[in-house]
Amino acid sequence: MTINYVIGMAATAAFAMSGVLAVARKDMDVIGLTFMGVVTAIGGGTLRDLLLDTPVFWVVDFNFVWIAIVASLLAFSFERYMRAESVLLAILYLDAFGIALFGVQAIDKALLMEFSAPVAVVMATLTAIGGGLIRDVLAQRQNLLLSHEIYVSTIIAGSLLYLGLLGLFGKTLLTSIGGVGFTFAFRSLAIYRHWRMPKWLTLPSHLNG
Amino acid sequence: MTINYVIGMAATAAFAMSGVLAVARKDMDVIGLTFMGVVTAIGGGTLRDLLLDTPVFWVVDFNFVWIAIVASLLAFSFERYMRAESVLLAILYLDAFGIALFGVQAIDKALLMEFSAPVAVVMATLTAIGGGLIRDVLAQRQNLLLSHEIYVSTIIAGSLLYLGLLGLFGKTLLTSIGGVGFTFAFRSLAIYRHWRMPKWLTLPSHLNG
Amino acid sequence: MTINYVIGMAATAAFAMSGVLAVARKDMDVIGLTFMGVVTAIGGGTLRDLLLDTPVFWVVDFNFVWIAIVASLLAFSFERYMRAESVLLAILYLDAFGIALFGVQAIDKALLMEFSAPVAVVMATLTAIGGGLIRDVLAQRQNLLLSHEIYVSTIIAGSLLYLGLLGLFGKTLLTSIGGVGFTFAFRSLAIYRHWRMPKWLTLPSHLNG
């Protein structure tokens, strides 16, 4: 539990920082930016808990909000040093780790509450992308559903693999590492190789439609 | 129950297809489009269930999500054949049937939970338009509240008529058909005759305000 | 209780009117505008109740929706007379009173449910700004998080002061008045003096970033 908790905190902080940096060009003040960082970090898990009808995790344990606030303030304070390509890339990979971890945690939570595997996969997806979607809507920014990035696919694939591992070996540290590792590796490859959805899986915009 | 269930599934599929086609010009990939289709189909009912504090219908019965996914994938696959005026029109009428049916179902659900008639009307409205609103927000698209279509009016009018029928005759197959039929007919007329809100019920935009 | 109830109703009406007037230039019809007014008035409290996992206040007592509908229809009907600077200013101050009052009420509600002080402050903030955020998203309008107004700061400061007063003197009429009065005064000053966030608390937009 404790190691899970620490890692969950780290992922929350990473999500918050990536959230602040994503909207840093929107000419916002520290309060608006912190709001965006916190929403990015805890928005997806909030959606999950509302849909599963279970107490919202940060209302129960406010430390998740504190860490998101601190991480957002740090990102605000050091934003000028974080515009370097290398830092932005590091945050992309941190975000990849975040979705991998939040996905596995969401599946564990849903299964523990005796929901079915498909519900668990939906919750993993919503936990991973929900916060970013809410942030982008509030910041009047194009969200990832409108891009062709390989993002949601990695969460779904990782969730299916993790469910398979759970079925084969049960819940162990290794299955968790396998689930997190696969999603992280898949998403990292997509970042590293600039993968985009193939054309036949995309509808062209009909400019003269 | 069984016939209701089948019809509910058909309406869900229709909503999902209309949802995909509505955003088909946004240059999205199959995952983004399917997400939009599913959100359109189940978003309104999700809002209703959260507000009524009852388990979310698709978390309980995931078949609603499956049918929405399949319908969305079909709409994606055959989108090029669905651009014809006649198909788009057919989908408009399917959507009209969907809001009529979802409205009556929402009222039944709210009354069964012993909420008041006004709450039931609000739930009918939110169930019918909620999914489309969320989709349009996510797709950065103008939603129906910003248009002058006769849409919400038909749901409210149909809900009031259905409540009247319930008061007069109780819950029978005929009252349900009456409620669904009225909303469907009213909305269909609005589509067929291109009805728009009269000017005196509209605020002009003050270009030089 | 009764005086609180009446004041809550007045604040709800003020929020609804300000909500309608805020989007009055969007070329909407009476139903869309009323929807926006109602969402502005009850959206924040709805978020609060969902997050606290308590029955949504207006589902329990529909009078809050009625008053919001009536206020919205009034704002629609008399909109042409409400464009005067003086009226818009009056509505700004009404809104200031609304956030002050809703903030204190949200804190009372959260503490009564035995949530911690930080959770209570978050709920005060969300209750005050949630409705306006949802309205602006639906109306494709820039929300207050993207502005540099001194708005959220006044709610947070007022909430902290109110919590301090509660700790010192307990829940009395005077502590409530102190909490509402401080937020209202702070926000009113921000309106009157056109305060904006200082530059060092704002990230510049990087036009050539």
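His148(C) touches Asp27(A), Met28(A), Asp29(A), Trp195(C), Arg196(C), Met197(C) and Thr202(C), leaving aside residues up to four places away in sequence; contact here means heavy atoms within 4.5 Å. This is a predicted model, in which local features need pLDDT of at least 70 and side-chain atom pairs count only at pLDDT 80 or more, while totals for chains, interfaces and linings use all residues. Residues are numbered from 1 along each chain as its sequence is written, chains are lettered from A and ligands numbered from 1 in the order in which they are written, and side-chain values use heavy atoms, with hydrogens and water left out.

**A closer look at His148(C)**

- You will find His148(C) in the loop between H6 and H7 of chain C; helices (H or I, at least four residues) and strands (E, at least two) are DSSP runs, numbered from the N terminus.
- The side chain of His148(C) reaches across to the backbone oxygen of Asp27(A), at 2.6 Å.

**Where chain C meets chain A**

- Chain C brings 33 residues to the contact and chain A brings 26 residues.
- Between them, chain C and chain A bury about 2,600 Å², and 70% of that is on carbon and sulfur atoms; buried area is the accessible area (1.4 Å probe) that two parts lose on being put together, summed over both.
- On the side of chain C that touches chain A, the elements giving two or more residues are helix H2 (30–51), helix H6 (117–138) and helix H7 (152–169).
- H6(C) gives the most to that side, with 8 residues.
- The residues on that side of chain C divide into 20 nonpolar, 10 polar and 3 charged; Ala, Val, Leu, Ile, Met, Phe, Trp, Tyr, Cys and Pro count as nonpolar, Asp, Glu, Lys and Arg as charged, and the others, Gly among them, as polar.
- Across this interface the rule finds 0 salt bridges, defined as a side-chain nitrogen of Lys or Arg within 4 Å of a carboxyl oxygen of Asp or Glu.
- Polar contact links 5 residue pairs across the interface, both residues at pLDDT 80 or more; a polar contact is a pair of N or O atoms within 3.5 Å, where within protein one must be able to donate a hydrogen and the other to accept it, and residues adjacent in sequence count only if both atoms are side-chain atoms.

**Chain A as a fold**

- Chain A has 8 helices and 0 strands.
- The C-alpha trace of chain A spans about 50 × 50 × 30 Å along its principal axes.
- Of the 209 residues in chain A, 56% are buried, meaning under 20% relative accessible area (1.4 Å probe, protein chains only).

Technical notes:
Buried means under 20% relative accessible area, exposed over 50%, partly exposed in between (1.4 Å probe, protein chains only).
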